[in-house]
Amino acid sequence: MSALNIPFDKSMFQANPPLRFVAYGVIAMLLSVIHVVFLRFVAVSSVTPDLLLILTVYIALVEGQFVGMFAGFASGILFDVVSTDVLGSNALAKTVAAFLAGYFFKQGFSVQTIGSYRFLLIVTLCGGVHNLLYFFFYVKPLQISFPMFFMTYGVATTLYTTVAAVFPMLIVNRSKEW
Amino acid sequence: MQRFIAFVVRFKNYITLGALVVICFAFMSFGSLSQLGGFRAVIVGSVGWMQSMFSWIPNPVALKSENLALRELNMQLSVESAKSRQSMVENATLRKMLDLPKYSDYGLIAADVVGKTTTQLRNYATINKGKKDGVEEGMSVVTDAGLVGLVIGVSDHYAVIQLMLNRDTRVASKIQRSRVDGIIAWEGENFLTLKNIPKSYDVQAGDAVITSSFSSRFPSNIVIGRVTQVTEENNSLFRRIVVDPAVNFATLEQVFVVEFVADAERLLLEQQSEEGSKQRTHR
């Protein structure tokens with residue numbers, strides 16, 4: 001933010017967790033609106049990046065596993081509601097993804113993790129597990145091959161999400177205070 | 001007690017994960033969002049409003065695809081136009097001769113697609129017509145090419161359509177040529193599948209598939225698609241029949257809502273019969 005010369009007191013958010021959580025909520029709402037309204041412009045064969053998953057992984061890396069799981073659950077429910085999907089399906093996948101991302105949480109080193117290629121690897125890993133779970137539950141009742149479907153949609157969505165995660169990584173990387 | 005608290009504190013992450021997963025499964029057991037009634041109408045209205053605000057932004061990829069599809073459709077229509085003129089004259093004469101009842105003409109409500117929700121196995125579209133325009137839940141939606149889907153949610157100015165490419169969609173249908181009945185379903189691919197057709201029945205590639213009068217939700221004789229592949233499957237009494245949908249869902253922009261709502265008396269009777277049958281089975 002300081003790089004953009006916008007008057008913004010970052011320490012205010014760092015010292016005040018409730019304010020930070022409100023900020024996460026607002027960002028989640030904005031990302032879900034972006035997902036519903038604008039992502040169709042960047043869809044490749046109906047595959048779109050999962051912006052709320054990136055936010056969930058980010059929160060898990062900054063706040064830890066415990067808070068991350070609640071963030072994953074809340075953002076999943078929000079995603080299910082705005083995308084008219086089955087309520088709970090994305091919440092389940094994102095909660096588990098946040099649980100996994102929480103293992104990479106290191107107190108005081110979140111900026112270093114998010115601002116490096118490690119963030120992309122974590123997003124890829126969590127995205128893979130997220131999509132594995134999500135597609136498993138919804139392909140199961142159908143007479144189609146889960147591995148084939150996952151290889152088509154799951155892997156593509158994971159890779160696209162990883163590409164989208166490059167932007168927050170670069171932003172955090174630029175604002176690093178070494 | 002202290003040991004219990006220490007246990008909870010130590011394993012709080014696993015306990016929280018377990019609790020959240022249980023809550024997720026509980027939510028999933030509610031089924032689709034359609035069961036959330038009024039809440040959904042608010043969401044549908046809000047999302048539809050937001051999508052319509054930005055619907056003026058052109059999507060070059062979709063426009064290119066639509067342009068190509070329209071050119072192909074134009075060519076097909078010019079050929080079929082000549083054929084249909086001849087058929088109309090012939091049809092009118094034959095109807096008069098056989099004294100067949102005329103098909104009911106339903107009113108059509110034109111609408112623009114202002115949003116599409118793509119979650120691979122459940123595809124929905126939002127249109128800019130709602131209750132105040134006469135759209136009701138349960139009405140079917142078509143284009144000039146064929147059947148698009150079913151209205152499953154309505155707010156004052158918007159409606160959500162469950163597209164044919166949705167795993168919840170099941171349509172009673174028949175082969176136009178041989179009048180063989182089956183059920184159209186979607187299993188996540190780029191095509192539809194015609195189910196419940198025994199191996200001995202007459203179905204060939206190229207046959208047109210239309211809605212059947214057995215359907216309590218859709219008006220009959222609406223084009224669904226064309227059979228592209230008929231496969232004999234081992235260990236099954238039925239054939240695997242692949243149907244190419246008549247509608248290009250990737251370029252869907254204008255649709256018509258058919259002012260046809262299923263006969264409530266018929267639905268009630270079918271429901272009662274089904275419940276009675278279940279009760280007899282349990283006895």
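Predicted model: local features only at pLDDT ≥ 70, side-chain atom pairs only at ≥ 80, totals over all residues.
Me: What makes the contact of helix 2 of chain A with helix 3 of chain A?

Reply: Helix 2 of chain A brings Tyr24(A), Ile27(A), Ala28(A), Leu31(A), Ser32(A), Ile34(A) and His35(A). Helix 3 of chain A answers with Leu51(A), Leu52(A), Leu55(A) and Ile59(A). By class, nine of these residues are nonpolar, two are polar and none is charged.

Me: How do you know which element of chain A has the highest mean pLDDT and which the lowest?

Reply: Helix 3 (residues 51-63) of chain A has the highest mean, at 94. Helix 1 (residues 10-15) of chain A has the lowest, at 68. Chain A as a whole has a mean pLDDT of 84, and 87% of its residues reach 70 or more.

Me: How many residues of chain A are in contact with chain B?

Reply: The count is 31 residues of chain A, in contact with 31 residues of chain B. Helices 2, 4, 5, 7 and 8 of chain A each give two or more residues to the side that touches chain B. Helix 4 of chain A gives the most, with six. By class, this side of chain A has 21 nonpolar, eight polar and two charged residues.

Me: What makes helix 4 of chain A roughly parallel to helix 2 of chain B?

Reply: The angle does. The axes of helix 4 of chain A and helix 2 (residues 12-29) of chain B cross at roughly 10°. Angles under 35 degrees count as roughly parallel. So helix 4 of chain A is roughly parallel to helix 2 of chain B. Their axes come within 9 Å.

Me: Which residues meet there, in helix 4 of chain A and helix 2 of chain B?

Reply: Gln65(A), Phe66(A), Met69(A) and Phe73(A) meet Lys12(B), Asn13(B), Thr16(B), Leu17(B) and Leu20(B).

Me: Why is helix 5 of chain A called roughly antiparallel to helix 2 of chain B?

Reply: The axes of helix 5 of chain A and helix 2 of chain B cross at roughly 165°. The cut-off is over 145 degrees. That makes helix 5 of chain A roughly antiparallel to helix 2 of chain B. Here the axes come within 8 Å.

Me: Is the crossing of helix 5 of chain A and helix 2 of chain B left-handed or right-handed, and what makes the contact?

Reply: The crossing of helix 5 of chain A and helix 2 of chain B is left-handed. Ser89(A), Ala91(A), Leu92(A), Thr95(A) and Phe99(A) of helix 5 of chain A take part. Helix 2 of chain B gives Leu17(B), Leu20(B), Val21(B), Cys24(B), Phe27(B) and Met28(B). The classes are nine nonpolar, two polar and no charged.

Me: Which strands of chain B run in the closed barrel?

Reply: The barrel has six strands, in the order 6-7-8-11-10-9, with antiparallel pairing. From one strand to the next, the twist averages 40°.

Me: How do you know that strand 6 of chain B and strand 7 of chain B pair?

Reply: Pairing needs at least two bridges. Strand 6 (residues 170-175) of chain B and strand 7 (residues 181-186) of chain B have five, in the antiparallel sense. Lys174(B) stands opposite Asp181(B), and Arg170(B) opposite Ala185(B).

Me: What joins strand 9 of chain B to strand 10 of chain B?

Reply: Three bridges join them, and the two strands run antiparallel. Ala208(B) stands opposite Arg226(B) in strand 10 of chain B. Strand 9 of chain B also pairs with strand 6 of chain B, again antiparallel and over three bridges. There, Ile175(B) has Val209(B) as its bridge partner.

Me: How many bridges join strand 10 of chain B to strand 11 of chain B?

Reply: Seven bridges join this antiparallel pair. The cut-off for a pair is at least two. Gln229(B) stands opposite Val242(B) in strand 11 of chain B. The hairpin of strand 10 of chain B and strand 11 of chain B has six residues between the strands, and Asn235(B) takes a positive phi near 60°.

Note on methods:
Residues numbered from 1 in each chain as written. Chains lettered and ligands numbered in written order. Contact = placed C-beta atoms within 7 Å. Helix = DSSP H or I, 4+ residues; strand = E, 2+ residues; numbered from the N terminus. Nonpolar A, V, L, I, M, F, W, Y, C, P; charged D, E, K, R; others polar. pLDDT = per-residue confidence, 0-100. Axes fitted to C-alpha atoms, helices over the stretch in contact; angles between N-to-C directions. Parallel < 35°, antiparallel > 145°, perpendicular 65-115°, else oblique. Left-handed = near helix turned anticlockwise from the far one by under 90°.
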